[in-house]
Amino acid sequence: RRLVQSGVEDCVLALGFEKMERGLSEKYTDRTSPVKRHMDHMVNIGAEPGLIQPRMNNMTSDVVKLYAYAAREYIKKYPGTTVDDFVDIAYKNHKQSVNNPWATIQREMSKADIKSKLMLCYPITFWMSAPTADGGAAAVVCSEEFMIRNNLQRQAVEIISQHMVTDTGASFKESFMDLSGYHMAKEAANRCYRDTGLSSSDVDVLEVHDCFSCNELFMYEALQLAPEGRGADLIRNGKWVTNKNGGQMCVLNNKWVVNPSGGLESKGHPIGATGLAQCTELVKQLRGLADKRQVDGAKIAMQHNFGIGGAAVVTMYRKYQPLSVHAKL
């Protein structure tokens with residue numbers, strides 16, 4: 001997008017792919033890990049060793065531990081939130097996955113199975129986690145002039161705002177949630193809403209980085225779908241509806257569908273491809289081409305992607321409208 005905005009290029013192919021190492025292990029051990037400071041800070045603010053399922057490698061263990069501690073922090077900070085809320089989010093995502101032919105896991109699971117399946121680090125179980133998966137995704141980003149010149153108006157989708165926020169001082173204070181990206185996502189979303197003059201109530205469909213189901217709950221609040229401490233209300237009051245193509249999806253607060261693709265928990269998480277895969281899903285939604293995953297009448301879409309070490313990117317899209325000054329997808 002920035003290349004196109006600069007005027008240097010008028011059409012760019014963005015390509016992301018990943019051939020994953022086993023689990024989240026790191027291939028190169030001859031250099032300092034880019035997440036070392038973050039993992040060390042977990043210990044600084046109270047993380048204890050020896051809490052992880054023993055078959056997991058060190059990198060996977062540290063990542064699971066970070067989000068497990070963030071989930072515990074949330075439960076302690078907002079009494080009334082329970083492990084069942086995280087289970088419900090995982091249940092939603094896996095149930096929505098049955099309509100996604102590109103998902104690694106394409107099946108509905110019982111809440112009892114999700115809650116009891118291999119505790120990785122309390123309260124995170126195996127089915128609340130994104131599986132390791134290889135994958136690739138791509139998107140064509142072009143200028144409005146290029147789009148018009150090639151008669152692409154009917155399928156064009158605009159990037160109406162996009163912001164990346166990297167680690168701030170908040171990342172290294174006393175919060176596991178902020179260390180795992182909450183503050184960055186909140187700031188990136190604020191900037192997108194400020195740019196566009198829109199609010200969360202204008203958004204119809206979202207793809208968020210549910211590496212673990214607890215992180216999706218955090219994002220309900222970071223992206224302003226719910227006030228702080230009230231994210232669980234969304235999943236508790238979610239309603240299952242059938243779209244015009246016969247697919248089922250969960251609508252939160254009578255407004256939002258989150259992760260109609262099934263999310264990372266169902267698709268898998270090939271790190272280099274995850275963001276562009278989210279983009280692909282939302283473009284299909286705004287074009288009305290998502291088949292049984294289609295959110296009927298979707299006009300505004302929001303994407304949240306995150307990487308420890310650390311950066312969050314929030315993007316807002318809409319179907320092309322003439323006279324826009326934004327880059328087009």
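Let's start with an opening in the protein: the second largest pocket holds about 360 Å³ of space. Of the 19 residues that line this pocket, Trp 102, Gly 136, Ala 137, Lys 267 and Ala 277 are the closest to its centre. Keep in mind as you explore that this is a predicted model.

**The second largest pocket**
- Two elements, strand 4 (135-142) and helix 12 (271-287), each give two or more residues to the lining of the second largest pocket.
- Which helix gives the most to this lining? That is helix 12, with six residues.

- Just after helix 2 comes Gly 46, which takes a positive phi of about 120°.

**Helix 9, an enclosed helix**
- How many of the 10 residues of helix 9 (residues 213-222) are buried? The count is 10 of the 10, so helix 9 is largely enclosed by the rest of the structure.
- The buried residues of helix 9 include Cys 214, Leu 217, Phe 218 and Met 219, and among them are also Asn 215, Glu 216 and Glu 221.
- Gln 224 follows helix 9, and its phi is positive, near 70°.

- Asn 305 sits in strand 10, which runs over residues 300-307.
- Is Asn 305 buried or exposed? With a relative accessible area of 18%, Asn 305 is under the 20% cut-off and therefore counts as buried.
- If you leave aside neighbours within four places in sequence, Asn 305 is in contact with His 209, Thr 274, Gly 275, Gln 278, Ala 311, Ala 312 and Val 313.

**A domain from the record**
- An unreviewed UniProt entry places the feature "domain: Thiolase C-terminal" at residues 178-314.
- In the model, residues 178-314 are 40% helix and 18% strand, and the end C-alpha atoms of this span lie 16 Å apart.

How values were computed: Residues numbered from 1 in each chain as written. Predicted model: local features only at pLDDT ≥ 70, side-chain atom pairs only at ≥ 80, totals over all residues. Heavy atoms only, no water. Helix = DSSP H or I, 4+ residues; strand = E, 2+ residues; numbered from the N terminus. Buried < 20%, exposed > 50% of the residue type's maximum accessible area, 1.4 Å probe, protein only. Contact = heavy atoms within 4.5 Å. UniProt positions renumbered as here; feature names shortened; annotations may be inferred. 1 Å grid on protein atoms, 1.4 Å probe; cavity = no way out; pocket = protein on both sides within 12 Å on 5 of 7 lines; lining within 4 Å. Points joined across faces, edges and corners; volume = space filled by probe spheres on them.
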